[in-house]
Amino acid sequence: MRKTLNNTFIILLFVYTILIALSYFNIISKYTLHFEIFAFILAILAIFVLKDNKKIHFNKYLILMPLIFILLVRIIPYINNDIPLGYDTGIYKYIAEAYKENLPTIPDLQLDKWVRTGHEPGLFILTDFLYLLNFNTNQILIYFLIFLELLLGLVIYITANKFFNKNTAIISLFLYAISITQFKTFEYMYYKNILALIFLLLSFYFLKSKKYIPFVITAAYLAVLHRPSFLIFALAYSVYFLLNLKEWKPNLISSLSIIILAFPFYINRLKEMIIDNLEPLIEANIGAGTFITFFQYQFLILAYLPFAFLGAFYLFKKKNYNILLIWFVINFILVFFKLIFYNRFIIHLDIVMIILASLGMVLLIKNKKYIGTITISILLLASLFIVVNESINAKPLISNVELNIIKDLQKTENNSYIMSTTSYYSPWILGYSGRKTIAPGLFDYDQWSKEEWIKFYNSTDKKLINSMFSNYTKPLYVYVGKYQTDYIKNKPCFEVYKDRIYRYVC
Amino acid sequence: MKKIFKIWILVLIILLVTSLILSVWSSLLDSFRIVFGSVYVLFLPGYFLTYLFFPKNLNENERIDAIERIALSFALSIAVVPLIVFYLNLLGMKISVVNVFITILAIIIITLLLEIYKKDIIKIFKK
């Protein structure tokens, strides 16, 4: 019986590997089969077939390979390009420069309302130091982020090493390097998210080491960096607390210390940042967060999905309910059942999947050295192909020409307002025009509802436009980008100021 | 001791070379400030803290290797410095190059003192 299971597992593993490789190289469609079910069956078979009684030892210098790869794929988009990737870029630039302008103090009430409510101060206190060191905004947005990506890789390595062993740590680093989800996080410039992942992992690292002082420090910094990541931390830590009631004293003291340390950062923003957000949270209306969907995600992680299942089953089998497993379960529930922020939480889920998958891969290599190494190498190579492709095709969302036109808006009157008629260009205008930005549904100066914006897009009635604009302070300019409909072209009350820029004249 | 000295010399040479390479794009002074300043702000405080939390004389299971120490040094620096500077700012300290330099120096000195007198402090607490 055992032999039959063993042979079935090996055959299925080969079939799965080949099919995944073919789909990654675009030879067959990834929708041909329900690969996620295939992966699940493989993991169930593996947990019966594989035993954890052999020892292997990977060369520690192997970690250089993924580190170099992480660096390379993140540098490729910046060869002959100095525009940062991502959509939020302009927003980060705007906020970081607002903090810089307020030096030598940390601003609070001086900030725009949308910054105070939507953006935690942790990252921007750090960028203040970088400005003091003579970094410019572009260097912070491009090179410092690449450095953080490398640091995240190292932190995944040390966390996997702390919870499991060096072999698992090395494979985790490889998986992180070839993870398309993590590359997309970098490509979309989820700066706070990336930094928060470092401290989420580190808090768990220190908790496992029972070093409560650094645990409190890293968790408190996580709280002032990124609230959604802190939510995952808080949920996982609460469950851990309940499962480890024997250690209630240090855990209770730590929890209170984290709250006390993080509280002063929010003291003036408590109402806007936390209390105002409770209502949408209760009404489950907090949104999905912008990122790939869970459906897309399933197909991006097929290379390591069976091993992630295997890793999780293995921990359950060993009754090793450590905080990583708790995090995995909570994160999976949030994403799978679409509870809150479920699209963005895929980034966190991917990190813990990577660590669990590496545990599963080590288990396979321990038992089937050659078959395991070959199949895993094929899967890693196929993923590597996808990431390299993505890296080569990663382009900034705006061209140099368009960005220069937006920068030219700095030459308009100091008190002028710039209107963006689409969310696509709004962050760029905010970050690079140096002027107050009116954008549909974003920032502080938009006074129209969605219906009013639609009315404006479709109207050529001078009287109506005039009355709609009566609430806005002038001078007012409108930027119309290359990748959007030109709603202004035939409208009364606007004259061409420069290429792609209109001036309101009524 | 000799080995550590050699490593530090090597690190210094790497930092000097990096500064020189960076000076192609900016002034020499700026590139030195960015490279050495980054090490001072983003590495050194955490590096000394790691010796406080993970001293060399720990047993084999608890001991950390060089890679762990490097990663923890960066991460702890990034966490500790903004937190401390924020609280000092609340107390009225202005965030300037000199003040940040002094704050980090103070973190390093306090950490070193704690490392040196750790055993004595533990004894006092036990008493």
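## Before you start

What you're looking at is a predicted model, where local features need pLDDT of at least 70, side-chain atom pairs count only at pLDDT 80 or more, and totals for chains, interfaces and linings use all residues. Residues are numbered from 1 along each chain as its sequence is written, chains are lettered from A and ligands numbered from 1 in the order in which they are written, and side-chain values use heavy atoms, with hydrogens and water left out.

## The sheet in chain A

Let's begin with the strands. Helices (H or I, at least four residues) and strands (E, at least two) are DSSP runs, numbered from the N terminus. Two strands pair if DSSP finds at least two bridges between them. In chain A, five strands make an open sheet with mixed pairing, in the order β2-β1-β3-β5-β4. At the edges sit β2 (436-438) and β4 (494-498) of chain A, each pairing on one side only. From one strand to the next, the twist averages 35° (axes are lines fitted to C-alpha atoms, for helices over the stretch in contact, and angles run from 0 to 180 degrees between N-to-C directions).

Now zoom in on one pair. Strand β1 (residues 417-420) of chain A pairs with β2(A) in the parallel sense, over three bridges. Ile418(A) has Thr437(A) in β2(A) as its bridge partner. There's a helix here too: α23 (residues 462-469) of chain A lies across β1, β3 (476-479), β4 and β5 (501-504) of chain A, and runs at about 85° to β5(A).

## Chain B in two parts

Chain B splits into domain 1 (1-36) and domain 2 (43-126), with bounds that come from an automatic or database domain assignment. The C-alpha centres of these two domains of chain B are 23 Å apart.

## Where the chains meet

Contact means heavy atoms within 4.5 Å, and here it takes 41 residues from chain A and 36 residues from chain B. The buried area (the accessible area, with a 1.4 Å probe, that two parts lose on being put together, summed over both) is about 3,500 Å² between chain A and chain B, and carbon and sulfur atoms give 79% of it. On the chain A side, Phe129(A), Leu132(A) and Leu133(A) lose the most area to chain B, together 18% of what that side buries.

So what about charges? A salt bridge is a side-chain nitrogen of Lys or Arg within 4 Å of a carboxyl oxygen of Asp or Glu. The rule finds one across this interface of chain A and chain B. Lys166(A) forms a salt bridge with Asp65(B), with the closest N and O atoms 2.8 Å apart. As for helices, α7(A) gives the largest share of the side of chain A that touches chain B, ten residues.
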